[in-house]
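Reader: I have just opened this one and would like a short tour. Where do we start?

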Amino acid sequence: MTEEIERKFLVEGNGWRGLAPAVYFCQGYLSTIKERTVRVRVCDTQAWLTIKSTNQGITRTEFEYSIPVEDAQHMLRYMIEQPVIEKYRYHIRLNNLVWEVDEFLGANQGLIVAEVELSHANQQIVLPDWIGQEVSDDPRYYNSNLVSLPFTLW
């Protein structure tokens with residue numbers, strides 16, 4: 001079990017492009033209820049099952065377990081809520097932090113967000129010039145909510 005402390009922002013412009021290679025992620029949700037989300041994710045030859053608690057501000061509890069890719073692919077094919085979440089992720093290292101920029105595909109095409117994990121909720125950070133509006137407190141931008149209301153339908 002870990003505690004995830006994370007801030008989320010919209011991305012503006014293209015200043016982030018070229019700072020890291022793209023990695024393709026495919027994920028789906030077995031549960032998207034507010035009290036807990038259960039996600040299965042595949043990236044290359046690895047897969048994970050992740051359970052997250054409800055947010056308390058920018059903090060929540062997270063359990064993550066490696067699972068066989070074949071099991072994850074079966075869950076993605078037959079067990080998840082639709083649509084599947086597909087995205088390219090870019091891990092960008094700046095100022096001793098790792099920014100995860102997600103460029104969504106499919107039903108969420110056009111949405112680009114950046115997340116940064118913090119060591120504590122009050123940690124001060126320097127925002128790159130390609131960071132826009134903070135959306136940490138806007139549940140529309142939670143990946144789990146992009147299943148029931150994809151970005152292309154906003």
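This is a predicted model: local features need pLDDT of at least 70, side-chain atom pairs count only at pLDDT 80 or more; totals for chains, interfaces and linings use all residues.

Reader: How many residues line the largest pocket, and which lie nearest its centre?

Author: The lining has 27 residues. Nearest the centre of the largest pocket are Glu4, Glu6, Arg39, Lys52 and Arg60.

Reader: Which elements give two or more residues to that lining?

Author: Those are the strands β1 (2–11), β2 (23–31), β3 (36–43), β4 (46–53), β5 (59–66), β6 (81–94) and β8 (112–117).

Reader: And how much space lies in it?

Author: The largest pocket holds about 450 Å³.

Reader: Ok, what volume does the second largest pocket have?

Author: About 190 Å³.

Reader: What lines the second largest pocket?

Author: Its lining includes Thr32, Ile33, Lys34 and Thr37, along with Ser53, Thr54 and Asn55. Arg60, Pro139, Tyr142, Ser144 and Asn145 also line the second largest pocket.

Reader: How does that lining split by class?

Author: Seven residues are polar, three are nonpolar and two are charged.

Reader: Changing topic: which residues form a nonpolar patch on the surface?

Author: Leu149, Leu153 and Trp154 do, and together they have about 300 Å² of accessible area.

Reader: Where is Leu149 found?

Author: Leu149 sits in the segment that follows α2 (145–148).

Reader: Why is Leu149 called partly exposed?

Author: Because its relative accessible area is 40%, and partly exposed covers what lies between under 20% for buried and over 50% for exposed.

Conventions:
Residues are numbered from 1 along each chain as its sequence is written. Side-chain values use heavy atoms; hydrogens and water are left out. Patches are made of residues with over 30% relative accessible area and no salt bridge: like charges are joined within 9 Å, nonpolar side chains (Val, Leu, Ile, Met, Phe, Trp, Tyr) within 5 Å. Accessible areas come from the Shrake-Rupley method with a 1.4 Å probe; for residues, only the protein chains shown count as cover. A salt bridge is a side-chain nitrogen of Lys or Arg within 4 Å of a carboxyl oxygen of Asp or Glu. Helices (H or I, at least four residues) and strands (E, at least two) are DSSP runs, numbered from the N terminus. Buried means under 20% relative accessible area, exposed over 50%, partly exposed in between (1.4 Å probe, protein chains only). On a 1 Å grid over the protein atoms alone, a cavity is a set of points where a 1.4 Å probe fits but cannot get out, and a pocket is an open set with protein on both sides within 12 Å along at least five of seven lines; lining residues have an atom within 4 Å of a point. Grid points are joined across faces, edges and corners, and a volume is the space filled by probe spheres set on the points. Ala, Val, Leu, Ile, Met, Phe, Trp, Tyr, Cys and Pro count as nonpolar, Asp, Glu, Lys and Arg as charged, and the others, Gly among them, as polar.
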